[in-house]
Amino acid sequence: MEESLRIHHFEQLPSASEFVSQIESRNVPAVFKGCIKDCKAFSKWNPSSGGLDYLEERAGSSIVEAMLSRAAPVFYGDIRSHERVPLPFSTFIDFCKQRHMQNTVDPCSINSEQERHQLGESDIQQSCLPAGDSAPKQMYLAQVPIMNAENEERVQLDILSEDIQMPAILETKTISSINLWMNSAQARSSTHYDPHNNLLCIVSGCKQVVLWSPSASPMLYPMPIYVEASNHSAVALGNPDYSVYPRAQYAVENSQKVVLHAGDALFIPEGWFHQVDSEDLTIAVNFWWCSSIMSSMSDHMDVYYLRRLLRRLTDREMNQVFLKGSPCVGRLKRQMDEVPNRDHANNKLDQSNETNNLKGKESQQRILLHELEPFSLGALRELVSLVHDHINVADQTQPMQSASVNDPAPYVKDEHQKTLTTELFQLEDDPVAKILWNLEPHTLQNVFLAMAHNFPRTLEALILHLLSPVGAEVLTRKFDEIDQQNSEEDRNKFYQIFYGAFDDQFAAMDVILNGKESFAHQAFKTVLDKYMGVDFNVLKPGVGRHI
């Protein structure tokens, strides 16, 4: 867990300006002890001191929308997992009273769990559910509006707004809504994020909140962006199936947990995933407001920001491949040292077979090979060996056409068979990409120069037929590093020699750029899967073809 993402706890309430400049601007959750102890609701709504009677008298006739769950105690965001039933607030209060009374009854006086459950069900069965329907395991008032600036018609408990004072830290905020959250028994809201900044305040009872930074989204498998519950996780974290959601095994170690008691408040920035567990008969209110980032965005800029963010995430995903898949240089050096030296006859054969392409540069070639450091020479041998092994396999599977009768590294000219390379996207899967990645820029430059002068057909086969998408990405990154270390004159000379080894220089450039774009496309698809819930492997025919 990054230290910058750690939740801060405040025993003393900061000022409104301090909250904005030091807490909200960090986009990291914060706990404020005793934040609402001076609020009227804190004293008047407490069930232990007649709060349920007060609420029933005050707002009992108001019609509220209750969530009925037959899969209690978990309430999922998907509306298909629960029923929403309008009922008088007084009916829900009576249900809470019966549950509250049940908790005070000696368990030995109740013969069974079924009898204990039925203590709180009879009224609901009669007043809410169709005849013959089985009773819900639990009821939950979730996000019942007390105030809603955007849609006043949705407000169901506006009469209770008189008991709620704005927390001091929010004095400068334009609140979009205030909502009541009230459960009769233990309940859990499934893991989700909200599109607004949120201050969750506990009036009575206790809540445990588990939080994840937005960067942890891949471990939580967010629902596809186009579904009803797109802000919810697809994983049942209480009993995750790692065979279906393998990344979820890292969710716990990347989470943070806080416990909130009556009077406490938790700032949950927009986009932070959270799972909330509530004790029996817990009452809370929350305040939502739009973040400064979202409120300052102009509609006509949305597409631009979307493209920028997707490109940023794609670049980060591409970089991640090399962070997790790169073998250390030391280990690769040992591997190179262990590469058997091809006998002199084979080396002479390789060179003699390509002499037609050297055009009087024999002396220079011998010096280049002789001056290569042992590690560079080992890398050269390994690359040549990989090319020859690949061609030997290809010879056994399909006819090959050689550019030269004596060329030891022929390549295919078939327009429909541009490459024989497997579509590899992981560094650890591609021996060529691993070698290129672990060579220093100057070393790689010398290896390529040696190949261009001594084994041009082998270099051509390496690029045209063995360069996978991840290999193309590695190669272009190494080219960038070479460019940074060389003068313009040296750069031009290097690329002239490198591309001069190819019969068709533009074909080589196409292979490199197409491979690089293929690698980026795969990373983009991974981003859509991790962060948007779009799985290209399960898309139906004709659906999402142009995503």
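The accessible surface of the protein comes to about 28,200 Å², with 49% of it belonging to carbon and sulfur atoms (Shrake-Rupley method, 1.4 Å probe; for residues, only the protein chains shown count as cover). The model is predicted: local features need pLDDT of at least 70 and side-chain atom pairs count only at pLDDT 80 or more, while totals for chains, interfaces and linings use all residues. Residues are numbered from 1 along each chain as its sequence is written, and side-chain values use heavy atoms, with hydrogens and water left out.

The protein has 19 helices and 14 strands (DSSP runs numbered from the N terminus: H or I of at least four residues for helices, E of at least two for strands). Of its 547 residues, 46% count as buried (under 20% relative accessible area; exposed is over 50%, partly exposed in between, with a 1.4 Å probe and protein chains only). Among contacts (heavy atoms within 4.5 Å) between residues at least 6 apart in sequence, 79% join residues at least 24 apart.

Salt bridges, defined by a side-chain nitrogen of Lys or Arg within 4 Å of a carboxyl oxygen of Asp or Glu, number 14. In one of them, glutamate 24 pairs with lysine 173, the closest N and O atoms being 2.5 Å apart. Glutamate 24 lies in the loop between helix H1 (16-23) and strand S2 (30-32), and lysine 173 in the loop between strand S6 (138-148) and S7, so the pair ties together parts 149 residues apart in sequence. Both glutamate 24 and lysine 173 are buried.

Lysine 530 and glutamate 317 also form a salt bridge, at 3.2 Å from N to O. This pair links helix H19 (residues 505-532), which holds lysine 530, to helix H9, which holds glutamate 317, across 213 residues. Lysine 530 and glutamate 317 are both buried.

Helix H9 (residues 302-325) also contains tyrosine 304, which counts as partly exposed because its relative accessibility is 39%.

H17 contributes Phe479, Ile482 and Asp483 to the contact, and H18 contributes Arg491, Phe494, Tyr495, Phe498 and Tyr499.

Serine 184 sits in the loop between strand S7 (175-183) and strand S8 (187-192). Serine 184 is buried because its relative accessible area is 2%.
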